[in-house]
Structure formats: C-alpha cells, structure tokens
Amino acid sequence: MLKPVFQKNDRLANWLIGIFSLVVFIVVVILGKFKLDVELGFDVHIFAAINAFVNATIAVVLVAALIAVKNQRYELHKKLMMGALVLSVLFLLSYIAHHLLAGEAKYGDANHDGIVDEAEKLAAGTMRVVYLIILITHIILAAIILPFILFTAYRGLTSEFPAHKKLAKITWPLWFYVAVTGPIVYFMISPYYQ
C-alpha cells in the first residue's frame, strides 16, 4: 500500500473540505445568475465544448483508475485520480467562464428568446423531458459530489484505505455519472445555443 501524503487531521480536513465545497457551490449558484455582456471575438460556447471534452476525459480517467486499483496498481490509481481532480478544477473554471459569458440556454428555445413557448415544447417533444431528467440528475449530483470526492481523496492520501474504499464505492459511481452525463447534456443543448 501507499504511504500517507498528509498527516491525518480530520478536524482540519472537515473544515477545509466543508468550506471549500460550500464556497464552490455558492460561487456557481451566484455566477449562474449573471451574464457578462462582453464581445470576445470568438464563440463563447467553445467553453461548453471544452466542458464536454473535459467531462468525457474525466470519465475515461475514472475508468482507468478503477481498473488500476482492481489490478493493485495503487501508484497508478493515485496518479489517475489526482489527474481527475485537476481536470475537475479545469472543468469548474471553464464552466464558470461559459455561464458568465454565454448565459443560460433552454432546451427547445428554437427562436432564442429565452422562453420555451408551447409550440417550441411541442416541437421538442419527449426529448425535452429526457433532457430535463438527465440535466436535473446531473445538476443535483454535481452539486453534492464535491465534498464526497474530497473526503475520498483525503482518506486515500492519509492512507486510511478501508475508509477510502468505503467512500469510493459511493463516490466513484456518482462522479462517473456526472462525468458521463455532462457531455450528453452538452450535445443535447448545443443546438439551442445562440
């Protein structure tokens, strides 16, 4: 097994993870309500494409990390999971940039007026319901997964492997779901970007 990277300090870890998770949540919620009206000279939806690519990459890295740990390649598992964390930070920055610069798109809003009227809902059909189900589950899990990810990483980095494994059994599938549904949401909503 691997040696600890950090000395165990649950009280400090609880505070840091709790504060960081809360700050990230608040920043995402608040910034989601604003749109900067700036002309950058390029399509700001490039950030949404980057988000989809990064999420897809995270999903692949998570699978590779799972395979590594199942094959007792713990150092490789650790490197892959740290890579997934770094990619998640990149995703967060790109996500915030996209929402600040592009605002919100609504599935079915074919005329880009910010309102999905009855005719547009009818035209979007049942795919709008499918999209909303995927989006809502994606958002809820994305909102709650961060502290789980950080606590799981903390347990691994302090070499508390039984606790790490127990948490990872919950964290990994939720994180994987968020990573996989991110690109799906992107491909479904991108036709409605203006």
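This is a predicted model: local features need pLDDT of at least 70, side-chain atom pairs count only at pLDDT 80 or more; totals for chains, interfaces and linings use all residues.

Biologist: How far apart are the end C-alpha atoms of helix 1?

Modeller: They are 31 Å apart. Helix 1 runs over residues 10-31, and at 1.5 Å a residue its 22 residues should span 32 Å, so the two values agree.

Biologist: Ok, and which residues of helix 1 are buried?

Modeller: Ala13, Ile17, Ser21 and Val24. They cover an arc of only 65° around the axis, so they sit on the same side of helix 1.

Biologist: Why would residues three or four places apart point the same way?

Modeller: Because an α-helix has 3.6 residues a turn.

Biologist: What do the buried residues of helix 1 pack against?

Modeller: Helix 3 (74-102) and helix 5 (126-157). On the other side of helix 1, Arg11, Trp15 and Leu22 are exposed.

Biologist: Switching to the surface, which residues make the nonpolar patch?

Modeller: Leu22, Phe25, Ile26, Val29, Ile30 and Phe34 make it, with an area of about 550 Å². Ile30, which lies in helix 1, is partly exposed, with a relative accessible area of 44%.

Biologist: New topic: Arg155 in helix 5. Buried or exposed?

Modeller: Arg155 counts as buried, because its relative accessibility is 15% and the cut-off for buried is under 20%.

Biologist: What does Arg155 touch?

Modeller: Leaving out residues up to four places away in sequence, Arg155 touches Lys8, Asp10, Glu160, Phe161, Ala163, His164 and Leu167.

Key:
Residues are numbered from 1 along each chain as its sequence is written. Side-chain values use heavy atoms; hydrogens and water are left out. Helices (H or I, at least four residues) and strands (E, at least two) are DSSP runs, numbered from the N terminus. The expected span of a helix is 1.5 Å times one less than its number of residues. Buried means under 20% relative accessible area, exposed over 50%, partly exposed in between (1.4 Å probe, protein chains only). The arc is that of the directions from the helix axis to the C-beta atoms. Contact means heavy atoms within 4.5 Å. Patches are made of residues with over 30% relative accessible area and no salt bridge: like charges are joined within 9 Å, nonpolar side chains (Val, Leu, Ile, Met, Phe, Trp, Tyr) within 5 Å. Accessible areas come from the Shrake-Rupley method with a 1.4 Å probe; for residues, only the protein chains shown count as cover. A salt bridge is a side-chain nitrogen of Lys or Arg within 4 Å of a carboxyl oxygen of Asp or Glu.
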